[in-house]
Amino acid sequence: SPMANFKALKESVEKNGEVMIRLDTGEKVELHKHNVSFNESTQEIVVDAATETYWIGAEKVTYYWIHREGIEGKE
């Protein structure tokens with residue numbers, strides 16, 4: 001459910017500082033604590049990027065993950 005997704009994303013950004021999301025369009029967006037806010041009433045993620053602001057409905061997020069430093073094998 002978008003509501004659960006929204007809450008989980010919000011908590012994850014607060015806890016980890018950044019979260020990667022993939023939208024139903026296939027687009028990837030990086031959420032950073034300092035430039036993302038969560039609009040509870042509309043269930044939207046508001047990203048304040050350097051040159052533009054965009055709104056992402058929680059229902060558009062197909063999945064999300066966080067980068068873990070040092071876990072991926074380095075060549």
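Tutor: Start with a term: accessible areas come from the Shrake-Rupley method with a 1.4 Å probe, and for residues only the protein chains shown count as cover. By that method the protein chain exposes about 5,100 Å², with carbon and sulfur atoms supplying 50% of it. Keep in mind that this is a predicted model, where local features need pLDDT of at least 70 and side-chain atom pairs count only at pLDDT 80 or more, while totals for chains, interfaces and linings use all residues. Residues are numbered from 1 along each chain as its sequence is written, and side-chain values use heavy atoms, with hydrogens and water left out.

Student: How many helices and strands are there in the protein chain?
Tutor: One helix and six strands, running α-β-β-β-β-β-β from the N terminus on. Helices (H or I, at least four residues) and strands (E, at least two) are DSSP runs, numbered from the N terminus.

Student: Why is Gln43 called buried?
Tutor: Buried means under 20% relative accessible area, exposed over 50%, and partly exposed in between (1.4 Å probe, protein chains only). Gln43 has 16% relative accessibility, so Gln43 counts as buried. Gln43 is in the loop between strand 3 and strand 4, and its phi is near 60 degrees, a positive value in a residue other than glycine.

Student: And what makes Asn35 buried?
Tutor: Its relative accessible area is 16%, so Asn35 is buried. Asn35 is in the loop between strand 2 and strand 3. Contact means heavy atoms within 4.5 Å, and Asn35 touches Val46, Val47 and Asp48, not counting residues up to four places away in sequence.

Student: Which residues of helix 1 are buried, and what puts them on the same side?
Tutor: Phe6, Leu9, Ser12 and Val13 are buried in helix 1. They cover an arc of only 135 degrees around the axis, so they sit on the same side of helix 1; the arc is that of the directions from the helix axis to the C-beta atoms. An α-helix has 3.6 residues a turn, so residues three or four places apart point the same way. What covers these buried residues includes strand 1, strand 2, strand 3, strand 4 and strand 6 (61-65). Take Ser12: at 11% relative accessibility, Ser12 counts as buried, and Ser12 touches Gly17, Val19, Tyr64 and Ile66, leaving out residues up to four places away in sequence.

Student: Which members of the largest nonpolar core touch the most other members?
Tutor: A nonpolar core is a set of buried Ala, Val, Leu, Ile, Met, Phe, Trp, Tyr and Cys residues joined through side-chain atoms within 4.5 Å. Of the 15 residues in the largest one, Leu9, Ile21, Leu31, Phe38, Ile45, Ile56 and Val61 touch the most other members.
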